[in-house]
Amino acid sequence: MQRIINFILNYRNSVLYFFLLIVSLTFTIRSHSYHQSYFFNSSKWFTGSVYNVSSNITSYFNLEEENQRLSEENEKLRNQLFNTSTISDSIKYLRVDFEVVHARIVKNSYASPRNYITIDKGDKDGISQDMGVITTKGILGIVENTSANFATVQSILNTKSTINAKIKNTNYFGSLKWDAKNFNVVQLIDIPRLVPLTVGDTIVTGSMSSIFPENIPIGVIKKYNLNQAQSSYNIDVTLFNNMANLKNVYIVKNKNRKEVLELEKTTLNAE
């Protein structure tokens, strides 16, 4: 207490000055509407600036939670999209039932001939071999092996990968492969020479796959040339996905795939 008294006595002139300044400013603001308005506008600006900085800081630390919420929302929307009733040739039908599960990439490789991706969902999440994996931009690969909590995905950037793909808005399909030369470009082969092609045409998944829903985006035609020996095109496709920068993915489960495969096997064995 004595220290406080000594401080006031030592700086009594400064303390008195600031006290009188505050009193004079208070009377000035109260007695003049212009000063009063200016003061309150300034205080609002200062308060607003403080709140804005505080909000930005809070938003930064909440980004992880917000990303998780958006991923879950995307998962619900994709479930609805893959199971939407459509009308074609005046016949109403229901698309094959698909279930979508959100996951995150733990490890990603794209520089070797056989690339694999590790995701943070596994057996306990209902993930199993031969499920498709996509992002918000397009396909990524197919689940190859699983453990309790993780799964490895055979990337489309894998020389062993073969995926059914087609030219968008047509029924002309071929096989999507990778020549291991460029991690942003894959190859579509076996497209007949009679098909009209244009650089920039969109390539999507075909209907012959029991792994991916039809019309999932893949990329656009970069260039193409005719294979004279086979009378078909070899097409370079620039991927929509940036394969070197991936985080959130969605595992696509065809709930009817097992039944379809068993039926096809029974049919082949009967021949």
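## Basis of the description

Buried denotes a relative accessible area under 20%, exposed one over 50%, and partly exposed the range in between, computed with a 1.4 Å probe on protein chains only. The model is predicted, and local features therefore require pLDDT of at least 70, side-chain atom pairs count only at pLDDT 80 or more, and totals for chains, interfaces and linings use all residues. Residues are numbered from 1 along each chain as its sequence is written, and side-chain values use heavy atoms, with hydrogens and water left out.

## The barrel

Six strands form a closed barrel in the order β8-β9-β10-β13-β12-β11, with antiparallel pairing. On average, neighbouring strands of this sheet are turned by 40 degrees against each other, direction ignored. Such angles derive from axes that are lines fitted to C-alpha atoms, for helices over the stretch in contact, and they run from 0 to 180 degrees between N-to-C directions. Strands (E, at least two residues) and helices (H or I, at least four) are DSSP runs numbered from the N terminus; two strands pair if DSSP finds at least two bridges between them.

## Strand β8 and its partners

Strand β8 (residues 163-167) pairs with strand β9 (residues 173-177) in the antiparallel sense over four bridges. Within this pairing, Asn 164 stands opposite Ser 175 in β9. Strand β8 also pairs with strand β11 (residues 202-205), again in the antiparallel sense, over three bridges; here Ile 203 in β11 is the bridge partner of Ile 167.

Five of the five residues of β8 are buried, so the strand is largely enclosed by the rest of the structure.

## Positive phi in two loops

Most residues other than glycine have a negative phi. Asn 169, in the loop between β8 and β9, has a positive phi near 65 degrees. The hairpin of β8 and β9 to which Asn 169 belongs has five residues between the strands. With a relative accessible area of 70%, Asn 169 is exposed.

Ala 180 lies in the loop between β9 and β10, and its phi is likewise positive, near 65 degrees. The relative accessible area of Ala 180 is 34%, and this residue is therefore partly exposed.

## Aromatic pairs

Rings of Phe, Tyr and Trp (its six-membered ring) pair if their centres lie within 6.5 Å; planes under 30 degrees apart count as stacked, over 60 as edge-to-face and the rest as tilted. By this rule there are two aromatic pairs. Tyr 110 and Phe 183 form a tilted pair, at 5.1 Å centre to centre and with 55 degrees between the planes. This pair links distant parts of the chain, 73 residues apart: Tyr 110 belongs to the loop between β3 (98-108) and β4 (114-119), whereas Phe 183 belongs to the loop between β9 and β10 (185-192). Tyr 110 counts as partly exposed at 31% relative accessibility, as does Phe 183 at 28%.

Tyr 224 and Tyr 233 form an edge-to-face pair, at 5.5 Å centre to centre and with 85 degrees between the planes. Tyr 224 has 34% relative accessibility and so counts as partly exposed, whereas Tyr 233 is buried, with a relative accessible area of 13%.
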